[in-house]
Amino acid sequence: MVTPEPPATQPPGSLTIGDLAARTGVATATLRMWESRHGFPAPTRLDSGHRRYGERDVEQVQEVLRRRESGTRLEVAIASVRLRRAADDAGPGAPSVFATLRRLHPHLHPRRLRKSTLLALSWAIEDECLARAGRARVFGAFQQERFYRATEDRWRELARVARSTVVLAALSGHPDPVPGTTFVHLPEDAPMRREWAVVCDAADHPAVLTAWELPGQSTVRDRDRLFESVWTVEPGAVRDAARACAQVALQLGHPEGASLLYELADEPPAAPAELVQATALLNRVVAYVDQGVGAPGATASR
């Protein structure tokens, strides 16, 4: 492929869709189709509604083309490039589930929740996966191996009904193999060592919970440890979280990650507005429960 010679450098976000097409050799109709189907490239919109792009968009479209020429399916190429951008924006050591969701879905506002509340949310997501037995792809980030061991029976049962399961943690050795499960050891510098995540990527009941542990809690009782937490049932956010987990597995030497990225390449349907509103309401409910509102001894405000 011959890439057209770039014109003189332009200010960030000043390229039209015609400029982007000329710089990359991709027709404007194709760029619009990619945006409609895959959310890529993601332009800045002027008040008039016209699209504007930057140099980074040029580089990413060219990267997709390079991956396509090497035989990668279009959806996989786009998903990988989008995830890498989110990882770069999140800083060194990314990708991580929490950083990816905060970047790609900024409307998901984090809330500080205790570990005891996160356990309840995690069990609810896992129970729904078990109850529906819908061949979901399930990912779990446990920080330390002992936290996985505490819930190992549940995850063995999940592996029995799920399409696949991936366990990410600081593993001390080689866990006993579980059919359908990939165990990913997180090295000491991995950002996900500080993360808690449960991702259930399923067609009819997607859900993700991800949380980043606040530093400086060595003297805090385990059940009271605080996490910056995000959870949602929006299909797009769940799919991006699943891709982040698969990307971590691939980067750490597990070829299963490539197969998962291929399976996760398609974009799920957009979440209905009612679902987004209901999730926001339930987030408030969870926050109040975490604070102990309504518990014995709690102070009523009305």
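How much accessible surface does the chain have, and what share of it belongs to carbon and sulfur atoms? The accessible surface comes to about 15400 Å², with 52% of it on carbon and sulfur atoms (Shrake-Rupley method, 1.4 Å probe). This is a predicted model, in which local features need pLDDT of at least 70, side-chain atom pairs count only at pLDDT 80 or more, and totals for chains, interfaces and linings use all residues. Residues are numbered from 1 along each chain as its sequence is written, and side-chain values use heavy atoms, leaving out hydrogens and water.

**View 1. The whole chain.** Here you can find 11 helices and nine strands (DSSP runs numbered from the N terminus: H or I of at least four residues for helices, E of at least two for strands). Of the 302 residues, 47% count as buried (under 20% relative accessible area, 1.4 Å probe, protein chains only).

**View 2. The largest cavity.** Welcome to a space of about 40 Å³ (a cavity is a set of points on a 1 Å grid over the protein atoms alone where a 1.4 Å probe fits but cannot get out; lining residues have an atom within 4 Å of a point). Its lining has 10 residues, and C129, G134, A136, V161 and A162 lie nearest the centre.

**View 3. The second largest cavity.** About 30 Å³ of space lies in this cavity. Its lining consists of Y148, W155, T165, V167, V178, T181 and F183. Strand 5 (164-170) and strand 6 (181-185) each supply at least two of the lining residues.

Conventions
1 Å grid on protein atoms, 1.4 Å probe; cavity = no way out; pocket = protein on both sides within 12 Å on 5 of 7 lines; lining within 4 Å. Points joined across faces, edges and corners; volume = space filled by probe spheres on them. Buried < 20%, exposed > 50% of the residue type's maximum accessible area, 1.4 Å probe, protein only.
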